[in-house]
Amino acid sequence: MRKLFTLILGTLLASSFMITSSNAKTLKCQTVISAKADEVVMLKDFGQTVTDLTGGSLDFEILPAGTVVGVKETLDAVDKGLIDCGFAWTHYWSGEHPAAMLFGSPVAGGGVGIDNIAFISWFMYGGGKELYDRLWGEMNRDIKGFMLQPVGPEALGWFKEPINSMEDFRKYRFRTPPGIPGQTYKDIGVASVAMGGGDILPALEAGTIDAAEWCCPKPDSVFGFQKVLKHYYLQGLHQVVVNADLYVNGKVYRGLTDHEKKAMEVAANASLIKSLSYRIYENGKALKFLTEEAGVILHDTPSDYFTEYMAAAKATLLKNAEENAFFNEVYTSMTEFADIAVPFWSGAQMSNAKLGMAHAATLK
């Protein structure tokens, strides 16, 4: 009798495991970057958190750029179900809808003084998330988006010689991001050249461009800018706020259980602070390497850059708000949030910045 009971119990347990295994889902997610990038490190961390929270019922297979479709086709592939999910920066899709820029990389902090931490506050508590969820319908996409990784602020960039004013800056052919951030450089007289990441170093070596921006100390050092340029400027306005997101096919998302959906939401919220924390330390280590071992000279950005770029960015933002109703709704929401939050946050940050600069001065 005991043997029969043990046999029945074993059969039931085995059946339960088989049902659990058969119900487990693996979502194939293609990124727009290399598998070695820091963003992919944090994306895998997000995926593992979801797997842990769901007890293994939901898993992710992370595919590097180009595995299934080209980078530019990533959002299309998610929408059509060619891949279950994709990972990119939402401003990549500004050509489809200008408001995508306000979520992926609002130029010059939206022209209203929002940094990446304040942006998260707007997104979480100022109405940003609800507008973000509407973005996909505005783009006629069947997609569920999750904001995962704050990146900014990005560095102004790399130069052959020091720049002491905008007059010096305008002498250079400068690689910039595509879209509104790059156009804003053109608006202030900079010879802005948009190109993909893989083309930048060859273009610098060939003299097609003279200066360039990419991201921040860690990605920049991995990229190898220090091998061809030595003058580095941290403070820039073009991408003070940058966020990388996960896009899930709508049908796939609706097929998840409520528990799995909640696990993705919780993991995404956790990823926001984990990514910020990770980048501060990684960028700090990279900047130390660049300035102490790689011969890079760190400079302060000329003051006239800030006034010129901010004015041009704000004019572009207002123009888009006049021309597109949803853009105007998102931009109005950001502005109303900034009117309340920025006076406090910017004032508090002055203390933080002076505290940090005092310590940095002792290291010199």
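Keep in mind that the model is predicted.

Let us begin with the empty space. Rolling a probe the size of a water molecule over the atoms shows where such space is left. The largest pocket found here has a volume of about 2500 Å³. Its lining is made of 46 residues, and if you want to find its centre, look for Pro153, Leu234, Gln235, Leu287 and Met357, which lie nearest to that point. What classes of residue make up the lining of the largest pocket? The lining divides into 25 nonpolar, 15 polar and six charged residues.

Now turn to the second largest pocket, with a volume of about 1200 Å³. It is lined by 35 residues, and Ile33, Trp89, Tyr92, Gly197 and Trp214 lie nearest its centre. Helix H2 (38-53) and helix H10 (217-223) are the elements that give two or more residues to this lining. H10 supplies the largest share, which is four residues. By class, you will find 19 nonpolar, eight polar and eight charged residues around this pocket.

Two packed helices are described by the angle between their axes and the distance between the axes. The crossing of H2 past H12 is right-handed. On the H2 side, the residues in contact include Val41, Met42, Phe46 and Leu53, and among their partners in H12 are Ala263, Met264, Val266 and Tyr278. Sorted by class, this contact has eleven nonpolar, three polar and six charged residues.

Our last stop is the aromatic rings. A pair of such rings is described by the distance of the centres and the angle of the planes. The model has 30 aromatic pairs. How are the rings of phenylalanine 159 and phenylalanine 174 arranged? They are stacked, at 5.6 Å centre to centre, with 10 degrees between the planes. This pair links distant parts of the chain, since phenylalanine 159 sits in strand E5 (residues 157-159) and phenylalanine 174 in strand E6 (residues 173-176), 15 residues apart.

Methods. Residues numbered from 1 in each chain as written. Predicted model: local features only at pLDDT ≥ 70, side-chain atom pairs only at ≥ 80, totals over all residues. Heavy atoms only, no water. 1 Å grid on protein atoms, 1.4 Å probe; cavity = no way out; pocket = protein on both sides within 12 Å on 5 of 7 lines; lining within 4 Å. Points joined across faces, edges and corners; volume = space filled by probe spheres on them. Nonpolar A, V, L, I, M, F, W, Y, C, P; charged D, E, K, R; others polar. Left-handed = near helix turned anticlockwise from the far one by under 90°. Contact = heavy atoms within 4.5 Å. Phe/Tyr/Trp six-rings, centres within 6.5 Å; stacked < 30°, edge-to-face > 60°.
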